[in-house]
Each structure stands twice: as C-alpha cells, then as structure tokens.
Amino acid sequence: MGGFEEMYAGLGRPGISPALLVMVTVLQFLHNLSDRDAAVAVADRISWKYALGLELDYTGFDASVLCEFRARLVVGDRADALLTLMLQRLKVAGLVRAGGRQRTDSTHVLACVRRLNRIECLGEALRAALEEIARTSPGLIVPLLGPGWDERYGRKVETSRLLRRKNASALKLAEQIGADGQSLTAAIDADPTATWMDDLAQVKILRELWDQHFERTATGTLRYRDTRELPPSAERVRSPHDPDTRYSTKG
C-alpha cells in the first residue's frame, strides 16, 4: 500500500492485506462488533465476503490481528494518512465532490427550517398570509383584521408566548387560530375584488393547512382534528415558509 509498507516487516510470513483489514475495521465499527465477532463475521457471513471481495471458501484470520492492526495505525498518524489516501482515491473515481457533504444512505435533508408544532405552524401560516396581503396591498389589510389579531399575529407566533394568557389552553388556542383563519378566507371569498388574494402563495398555504388540520362542522364552525385524523406525515405541510418541507422517518 505504498506509504504504508513500513507497517510490516520485510521478512517472514506475508501479512494480511492492510486494505482488507481497513475494510473489516469499518464494517466492525458499523455493526458494533468485538474483534472476535468481527473475525467470525469475515469467515462466516457471505455479505461480508462479498463486500470485502473474498472467495466463499476464505477461512478468515485470528481476532488478535485486528487489535495489532489498530496498534500499527496509531503510530505516526497513519490513520489520518490512510483516510486522506482513501478520500483522494474516491475523488479520482468521481464518488465524492470537493466541498460537498456525503451521505451513506437514502436519508435526504430537504429543508433547513425551524421545527414547529401544529399550533405554531397554523399561527405562523396565518401571520405570513396577513403579512403578504399587507405587502401587496396595504390599504386592504385593515378591514380583514379582527379583534385581538395584532396581539396574536403581530410578531412571530410561539406557543409558549400565546399560552401565557390567563385560562388559555392549547386546544382553545388552536380553535381560536382556526376561527381567525376561517374569518380571513371568508372575507376574501365574500369580496369579488379580493379574489386576487387567492393567488398569493401564503394564502394558498393557509387554505391547505386549514384543510389538513380542521374539519367544518354542520354548524359552520371548525373542529380541530385529532392527530390520528391528519393526512400521512409525508403529505402534511410542515412549514408555512417552505411548503415543500416534509418530515418522515424510515422504519
């Protein structure tokens, strides 16, 4: 292995390939195995032999080889030199790009946004819609506002701030936000000159979120849906500021 040849003496029985031992060490770390279990895996697991490029009849090596190999690696910063060499080879092969972050599975980061709970997301959606309407047509926003809206949506919505009100509860707060949002969309629907507001991005997100989190009752009021009634996680809007954001976990 070029600069790593000094890890082994030039006399005596040939040693096991350092490249093989490096890969075994990586697999050992990934599977959280002891030296003995890793040595057994090399000898017994077909998947390991396939990953290591070994023949099926390969009988493995003694577990003490791994401990001795790690002892050689810590001398003279050989471990860092080895990782640098691996990175260089991966770059030459086109498997990594300079300045990029690599991932080893199918997990994707689709957005970098503040994680909101349901109430915060709804409140922020209503605030964002009001702000976009105000930016687009400042003279039309005042007739749309209801009592107490400045307190609730005058700045960034945070549940901890809103819940400090006397006798407030999470459910009552969600219902209040739901009623406020319903009032806004009803006012837009009732005014023929305000139909252009439905083309605003934040108003579209507001309507989508209300469809996901509320159900209209027979009396015309909104019922805050139970968590079990919500659409699948991958279909729900998670941030009013980035509608493409989704949250999901792999089972």
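A residue counts as buried here when its relative accessible area is under 20%. By that cut-off, 33% of the 251 residues of the protein chain are buried. Keep in mind that this is a predicted model.

Confidence, then. The mean pLDDT of the protein chain is 80, with 82% of the residues at 70 or more. Of the elements, helix H11, residues 201–213, has the highest mean pLDDT, at 93. The lowest is 56, for helix H9, residues 159–162.

Next, the overall layout. The protein chain has 11 helices and two strands. If we take contacts between residues at least 6 apart in sequence, 58% of them join residues at least 24 apart. The accessible surface is about 16300 Å², and carbon and sulfur atoms account for 54% of that.

How do H1 and H4 pack? Helix H1 covers residues 18–31 and helix H4 covers residues 64–73. Their axes are 11 Å apart, at an angle of about 105°. Angles of 65 to 115 degrees count as roughly perpendicular, so H1 and H4 are roughly perpendicular to each other.

Which residues make the contact? From H1 they are Pro-18, Leu-21, Val-22, Val-24, Thr-25 and Gln-28. H4 contributes Val-65, Leu-66, Phe-69 and Arg-70. By class, seven residues of this contact are nonpolar, two are polar and one is charged.

Conventions. Residues are numbered from 1 along each chain as its sequence is written. This is a predicted model: local features need pLDDT of at least 70, side-chain atom pairs count only at pLDDT 80 or more; totals for chains, interfaces and linings use all residues. Side-chain values use heavy atoms; hydrogens and water are left out. Axes are lines fitted to C-alpha atoms, for helices over the stretch in contact, and angles run from 0 to 180 degrees between N-to-C directions. Helices (H or I, at least four residues) and strands (E, at least two) are DSSP runs, numbered from the N terminus. Angles under 35 degrees count as roughly parallel, over 145 as roughly antiparallel, 65 to 115 as roughly perpendicular and the rest as oblique. Contact means heavy atoms within 4.5 Å. Ala, Val, Leu, Ile, Met, Phe, Trp, Tyr, Cys and Pro count as nonpolar, Asp, Glu, Lys and Arg as charged, and the others, Gly among them, as polar. Buried means under 20% relative accessible area, exposed over 50%, partly exposed in between (1.4 Å probe, protein chains only). Accessible areas come from the Shrake-Rupley method with a 1.4 Å probe; for residues, only the protein chains shown count as cover. pLDDT is the predictor's confidence in each residue, from 0 to 100.
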